[in-house]
Amino acid sequence: MVSFFNETDFTLPYKKNTLKRWVKAIATSENRKVGAINYIFCDDDYLHRINVQYLAHDTLTDIITFDYCQGDTLHSDIYISIERVRENATDYGVPFEQELLRVLSHGILHLCGYKDKTPADSTQMRFKEEEKIKLFSE
């Protein structure tokens with residue numbers, strides 16, 4: 001089950017059921033099943049506190065994915081800073097909605113084993129994000 005929660009004033013620009021189907025399609029395309037996936041939308045301060053407390057990283061980030069997967073079934077709490085997504089969209093010159101899809105898929109891709117720490121891993125992650133965004137349709 002895919003769920004959405006807000007820790008900030010934010011309204012999803014897409015229908016929740018559409019996003020849920022898309023997340024399931026991403027998982028299926030990676031030979032995975034969806035278990036309990038919670039997306040929590042928040043602001044920079046909220047996500048920064050989580051980053052410091054749980055990961056010992058004193059930096060801003062757009063997403064933190066907590067992996068609770070069991071075998072091929074995806075379980076996670078995925079925190080997304082809407083402020084970072086908005087800034088990234090501006091920096092990358094893309095619409096906010098497209099950047100949001102990129103970040104939403106990014107969390108699922110981490111659960112599927114994709115990394116982004118090295119340049120090669122980041123290149124593969126970007127390719128996969130674009131591939132998964134193409135699966136989206138309202």
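H106 sits in helix α4, which spans residues 96-111. Helices here are DSSP runs of H or I with at least four residues, strands are E runs of at least two, and the numbering starts from the N terminus. You're looking at a predicted model, so local features need pLDDT of at least 70 and side-chain atom pairs count only at pLDDT 80 or more, while totals for chains, interfaces and linings use all residues. Residues are numbered from 1 along each chain as its sequence is written, and side-chain values use heavy atoms, with hydrogens and water left out.

- H106 has a relative accessible area of 5%, so it counts as buried (buried means under 20% relative accessible area, exposed over 50%, and partly exposed in between, with a 1.4 Å probe and protein chains only).
- Setting aside neighbours within four places in sequence, H106 is in contact with I63, D116, M125, R126 and E129 (contact means heavy atoms within 4.5 Å).
- H110 is in helix α4 too, but H110 is partly exposed, at 23% relative accessible area.
- Skip residues up to four places away in sequence, and H110 touches T65, K115, D116 and M125.
- The side chains of H110 and H106 make a polar contact at 2.9 Å (a pair of N or O atoms within 3.5 Å; within protein, one must be able to donate a hydrogen and the other to accept it, and residues adjacent in sequence count only if both atoms are side-chain atoms).
- An unreviewed UniProt entry carries the annotation "binding site" for H106, H110 and D116; such positions are given in the numbering used here, feature names are shortened, and annotations may be inferred rather than shown by experiment.

**How α4 packs against other helices**

- Two packed helices are described by the angle between their axes and the distance between the axes.
- α4 packs with helix α5 (residues 119-133) at about 115°, with the axes 9 Å apart (axes are lines fitted to C-alpha atoms, for helices over the stretch in contact, and angles run from 0 to 180 degrees between N-to-C directions).
- On the α4 side, that contact includes H106 and H110, and on the α5 side it includes M125, R126 and E129.
- Helix α3 (residues 82-92) also meets α4: their axes come within 9 Å and cross at roughly 120°.
- Here α3 contributes I82, V85, R86, N88, A89 and Y92, and α4 contributes F96, E99, L100, R102 and V103.

- Y14 is in the loop between β1 (2-6) and α1 (16-29), and Y14 counts as buried at 12% relative accessibility.
- Y14 and E97 are 83 residues apart in sequence, yet 8.5 Å apart in space, C-alpha to C-alpha.
- A polar atom of the Y14 side chain lies 3.4 Å from the backbone oxygen of E97.

**Two buried residues in strands**

- F41 belongs to strand β2 (residues 33-42), and F41 is buried, with a relative accessible area of 1%.
- Not counting residues up to four places away, F41 touches residues including F4, F5, I80, I82, L100 and L104.
- H75 lies in strand β4 (residues 73-81), and H75 counts as buried at 19% relative accessibility.
- Beyond four places in sequence, H75 touches G35, A36, F66, D67, Y68, C69, Q70 and L111.
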